[in-house]
Amino acid sequence: MNVAAQQIPSIPLVVLTGFLGSGKTTLLNRALADPSMRDTAVIVNEFGEIGIDHLLVESVVDDVVLLASGCVCCSAGDDLGAALASMLMRRNGGALLPFQRVVLETTGIADPGSVLQRLLSDGALAAQIRVQAVVTVVDAVFGEAAMGRYPESASQVAMANRLVISKLDLIEPSRIDSLLHCLQSVNPVARIRFSGRDEPAAHDVLFGDADSGLDPNAIFSLTHRPFHQRAARDHTNRYSTYCLSWDEPTDWRDFKAWLEGLLIARGDSILRMKGVLQVAGRTQPVVVQAVQHALYPPKELASWPQEARRSELVFITRDFSRAAALRSFCQCLPDVTAA
């Protein structure tokens, strides 16, 4: 295994998603007005759907425009991955300003998993970008109902690193607890923030490093939380979150073969997977992440987050039980005792 040779891309990318009417347009507008977002590229599905027309200054090339904040914005149509590849090519060739970060905004009914699969499976893109987070905006008024009625809404919540609850001023405080319980039952590992209440700067909402999804301390402590076999409640009970953990060092080739096979066979049901792995023959831990059929490039950390060297994988799935995941693991890695 040569994790060190797989360089983490230098340009961070955040996928901004949320169901129809959730308020992601408002969040994006506020972010673009923040001076800290200068040197940012913004890619949206349909340009007219995003309320940034008043920020346009001039056309730069083709469908790319310069915003008053200094950002560049591109209308992507249906293929966000192709638009990103085009912008990176023009950036590297000097036709665009050398942006330092990317916000990729999806339509309200998009499945962010398909977007991430496109990005992670493209070697040219993976060599230039780093998927830092999926930020999902949830409507405080209709968010819980949307999760129960529309699978796309529940998937957007399940795949998020960060959840931003909007429109808090439109509901009674007593209703917030119910929404929080619903969100945490589907995705107990995402950080939740409130739009308009004790709100951090827009840059931190989108690009804060504390919950980037590669934090080994957060991943390593997950097995101590009471949700190993936890299924989401009531209308979202197709979704579950659980963890596999073991103490023995793991052969990387065997582990990679199992995980890739699992993602091929059951990727539609594996919304997110992330974990810390103790690899045989290496002293540093390795962070592994996957979204549906796509596997992130592994990242070797400088040190373990605590003394115990324990491998842990956290899954957020739909219609794929912990028993099935454990059975698959034990069949392919019989010398490892997972629990």
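**Close-up views of a predicted model**

**View 1. The buried side of helix α11.** In helix α11, which spans residues 322-332, the buried residues are R322, A324, A325, S328 and F329. These residues lie on the same side of α11, because the arc that they cover around the axis is only 165°. An α-helix has 3.6 residues a turn, so residues three or four places apart point the same way. The elements against which the buried residues of α11 pack are β11 (239-246) and α10 (252-266). As in every view described here, the coordinates are those of a predicted model.

**View 2. The aromatic pair between β11 and α11.** Seven aromatic pairs are found when the whole structure is searched. In the pair formed by W246 and F329, the ring centres are 4.6 Å apart and the planes stand at 45°, so this pair is tilted. Because W246 belongs to strand β11 and F329 to helix α11, the pair ties together parts that are 83 residues apart in sequence. W246 has a relative accessible area of 1% and is buried, and F329, at 0% relative accessibility, counts as buried too. Ring pairs link W246 and F329 with W252, F255 and W258 into a cluster.

View 3. Strand β13, made up of residues 286-291, is mostly covered, with six of its six residues buried. In a regular strand the side chains alternate between the two faces of the sheet. In β13, V286, V288 and A290 point one way, while V287, Q289 and V291 point the other way, and all of them are buried. Strand β12 (residues 270-277) pairs with β13 in the antiparallel sense over five bridges, and in this pairing M273 is the residue opposite A290 of β13. Strand β15 (residues 299-300) is also paired with β13 in the antiparallel sense, here over two bridges, with E300 of β15 standing opposite V286.

**View 4. The hairpin of β13 and β14.** Strand β14 (residues 294-295) runs antiparallel to β13 and is joined to it by two bridges, and A294 of β14 stands opposite V291. Together β13 and β14 form a hairpin that has two residues between the strands, and in the turn Q292 has a positive phi of about 50°.

View 5. Strand β8 (residues 162-166) is paired in the parallel sense with strand β9 (residues 191-194) over four bridges, and V164 stands opposite R193 in β9. K167 counts as partly exposed, its relative accessibility being 30%.

View 6. Most residues other than glycine have a negative phi, and most peptide bonds are trans. D319, although it is not a glycine, has a positive phi of about 60°. D319 is placed in the loop between β16 (311-318) and α11, where it is partly exposed, with a relative accessible area of 43%.

View 7. When its neighbours within four places in sequence are left aside, the residues in contact with T17 are K24, T106, T107, A110, P112, V134, V135, T136, V137 and Q156.

**View 8. R91 over the ring of F99.** In this view R91 lies over the face of F99, and the distance to the ring centre is 5.3 Å.

**View 9. The whole chain, for orientation.** The chain contains eleven helices and 16 strands, and of its 339 residues 55% count as buried. Among the contacts in the chain between residues at least 6 apart in sequence, 77% join residues that are at least 24 apart.

Conventions: Residues are numbered from 1 along each chain as its sequence is written. This is a predicted model: local features need pLDDT of at least 70, side-chain atom pairs count only at pLDDT 80 or more; totals for chains, interfaces and linings use all residues. Side-chain values use heavy atoms; hydrogens and water are left out. Buried means under 20% relative accessible area, exposed over 50%, partly exposed in between (1.4 Å probe, protein chains only). The arc is that of the directions from the helix axis to the C-beta atoms. Contact means heavy atoms within 4.5 Å. Two strands pair if DSSP finds at least two bridges between them. Rings of Phe, Tyr and Trp (its six-membered ring) pair if their centres lie within 6.5 Å; planes under 30 degrees apart count as stacked, over 60 as edge-to-face and the rest as tilted. A charge sits over a ring if NZ of Lys or CZ of Arg is within 6 Å of the ring centre and within 35 degrees of the ring normal.
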